[in-house]
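Hi,

Here is the structure I promised to pass on. Have a look, and my notes follow below.

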Amino acid sequence: MVTKTTVIATVLALAMAALLGYRFVFGLGAVANINNGYPWGIWVAYDVVIGTAFACGGYAMALLVYILNKGKYHPLVRPALLASMFGYSLGGFSVLFDLGRWWNFWHILTPGYANPNSVMFEVALCVTCYCLVLWIEFTPAFAEKWGSAATKRKLNKVLFVFIALGVLLPTMHQSSLGTMLVVFGTTVHPLWQTTLLPLLFLISAVSMGFSIVIFEATLVTNVYNRPSEARILGYVTRYIVWLMSAYLVLRWGDIIVEGKLDKVFSSGGLSFVFLLETALFALPIALLAPKANRIKPQMQFIAAVSMLLGGSLYRIDAFLVAYHRAGWHYFPSVGELTVTLGIIGVEVLGYIVFVKKLPVLHPVERALPAAATTAE
Amino acid sequence: MPLTRRNFLKGAAAGSAVVACAATTASEAEARENKTLPPKAVGLLYDSTLCIGCKACVKACRDANDTSPEFNTADPLWDTPLDLSGSTLNVIKMYAEGTSDHKDQEKDGFAFIKKSCMHCVDPSCVSVCPVTAMRKDPDTGIVSHHPDACIGCRYCVASCPFGVPKFEYNTPTPQIHKCQMCRHRQAEGKIPACAEVCPTGATLFGSVLGLREEAARRRSLPAGETTTFSRKTVGSSDTHEKNTAHYLPHTYGETEMGGTQMMLLAGVPFDKLGYPTLPEGSFASASETIQHTVYKGMAAPVAVLGGLMYLAHKHTKHDGQDED
């Protein structure tokens with residue numbers, strides 16, 4: 001278990017713990033560069049908004065396997081759920097240390113305080129529920145390891161309720177993370193500000209979910225010397241192509257209809273990042289459109305990484321780069337970045353421990369025939 | 001699998017219901033309109049052309065709200081706040097251009113400008129606060145903050161179109177701070193401290209409708225004509241006479257964001273004075289239109305959940321048989 005990866009992850013996690021200790025004694029400004037012009041930094045934009053989008057693998061695969069009944073993808077579900085479980089739990093944890101008055105956090109879920117007009121209330125309630133749902137969805141792995149067959153059977157009887165919630169809740173809050181920006185109005189640049197924000201955030205989140213499944217499966221195959229899952233992943237890639245095509249049509253269509261096309265080229269640095277987003281979203285379509293490319297692991301990996309970078313850039317841009325307050329500036333501090341890296345460290349550590357100790361990856365002897373029968 | 005296509009269509013239909021709801025947000029019929037002015041709405045009128053930049057209001061605000069001075073010069077001799085902050089709820093700034101020779105003139109001129117809470121008719125901060133720590137009084141329309149409820153998420157700071165609420169970043173027990181129109185003084189029958197001390201009536205307290213009327217009166221006067229200006233409260237007998245300046249033909253805050261209860265008059269364009277050009281539709285109404293279209297009575301989410309549960313149940317049952 002002691003490898004270069006786990007050691008680095010542990011060091012980052014410890015550094016994060018120290019910095020957060022400092023933050024809780026001296027205030028948010030002692031570690032983070034956030035200010036009254038940019039009150040939200042990367043702890044919100046990366047740890048929560050991008051972090052939970054990266055954690056949409058479980059959502060995307062559950063949608064595919066349990067709702068659309070694509071049983072052949074079943075081997076991909078459990079590792080995806082695991083990553084989602086960590087991603088979302090740590091997203092929730094990030095919120096807690098980013099809250100200035102964290103000791104009051106329970107107000108957000110308490111009638112009398114809760115404000116149903118607030119998009120953040122919806123997101124908070126929904127993400128909290130989804131964290132619980134993810135841990136429940138993952139319980140069959142615990143049950144297989146430590147529980148009896150009877151426990152597992154009982155669990156399977158009610159699991160469909162949680163699977164359904166596990167699809168509904170991310171649909172709600174991943175779109176709402178986009179809606180959160182609507183109230184910023186003209187403070188967010190017109191290339192990002194649109195009433196389509198919820199839809200664009202939702203589509204890109206599902207697409208990032210499929211991409212992270214490809215990304216993680218490719219890494220696991222190489223790191224643990226397991227048989228390639230390129231064939232089954234090849235079928236997943238088609239959804240990325242469809243979703244990203246829809247996304248680009250909606251995004252550009254909205255810009256044309258709203259008469260903002262001139263801003264695409266006349267907004268200086270923002271024009272550049274906007275076009276870079278489009279390029280990163282378009283690359284997966286270009287790479288994966290030819291059917292022959294879809295089963296090539298390199299193509300899958302490059303497309304997935306491009307999609308994940310595009311989705312991340314879109315979120316960073318919408319929350320921070322395209323957000324403008326005259327006279328104010330924000331760039332994350334080293335401490336702030338270290339905390340974010342520490343979160344990733346905890347995620348990687350947890351994933352490795354769980355994969356080694358619990359039945360997460362499907363048994364290798366079953367993997368080969370399962371993959372072979374996927375050809376319809 | 002003969003059922004694949006049908007299942008796919010069913011699943012796609014259920015899964016896209018929420019998306020479909022989101023897509024209907026553009027429809028006018030469902031839109032949440034701007035909120036309207038409360039019946040006993042009170043406010044402030046700041047007239048940049050009357051302001052002499054004495055900052056008596058900044059000092060009075062400190063005393064009334066018990067805030068500490070801010071020092072931004074080499075020697076800490078003068079209270080020199082540069083902007084609103086965790087300890088400055090009201091600030092006077094200056095616009096200067098070219099030779100700065102003429103008051104209230106855009107070119108080669110200068111002008112003073114007050115920054116404090118606008119007390120929006122349809123405030124973003126109240127809409128976004130997840131824990132109801134920002135509240136708008138249903139009668140007076142004063143937007144108040146309640147730290148005992150606040151979780152410190154800073155959504156109010158991020159969403160305010162005027163950049164008003166401020167957070168404290170250098171304490172483990174931070175609070176949000178903003179002008180609350182001296183509601184503690186108003187409860188004692190007094191008026192906001194800034195209006196009470198203003199020697200020229202540049203900051204005037206009163207009913208929003210009364211202040212709008214007064215603003216319209218001033219704008220209608222020809223520049224250079226001598227007129228009477230009230231101090232402290234609109235229509236008060238404490239008056240002085242002065243020649244009218246050249247006003248821009250707009251009362252800032254009459255329409256912006258569906259109206260604000262603090263309004264401004266000036267001779268220099270408002271965007272030059274740090275007041276952004278804003279649409280008439282409030283950002284809160286745009287946000288809540290989406291929120292309430294998708295989540296109205298939770299009908300759509302519950303319907304979708306039903307569909308998802310049906311499909312998940314059907315597909316996992318089959319799945320379980322496979323495994324046993």
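In what order do the three strands of the open sheet in chain B come? The order is β9-β1-β12, with mixed pairing (strands are DSSP runs of E, at least two residues, and helices are runs of H or I, at least four, both numbered from the N terminus; two strands pair if DSSP finds at least two bridges between them). The edges are β9 (203-207) and β12 (262-265) of chain B, each pairing on one side only. Strand β1 (residues 42-47) of chain B runs antiparallel to β9(B) over five bridges, and B:Leu44 sits opposite B:Phe205 in β9(B).

Before you go further: this is a predicted model, where local features need pLDDT of at least 70 and side-chain atom pairs count only at pLDDT 80 or more, while totals for chains, interfaces and linings use all residues. Residues are numbered from 1 along each chain as its sequence is written, and chains are lettered from A and ligands numbered from 1 in the order in which they are written.

On confidence, chain A has a mean pLDDT (the predictor's confidence in each residue, from 0 to 100) of 89, with 97% of its residues at 70 or more. Helix α13 (residues 364-372) of chain A is lowest, at a mean of 46, and helix α10 (residues 269-288) of chain A is highest, at 96.

Also in chain A, helices α7 (residues 197-223) and α8 (residues 230-257) pack at about 155 degrees, axes 9 Å apart (axes are lines fitted to C-alpha atoms over the stretch in contact, and angles run from 0 to 180 degrees between N-to-C directions). So α7(A) is roughly antiparallel to α8(A) (over 145 degrees).

Cheers

Technical notes
Angles under 35 degrees count as roughly parallel, over 145 as roughly antiparallel, 65 to 115 as roughly perpendicular and the rest as oblique.
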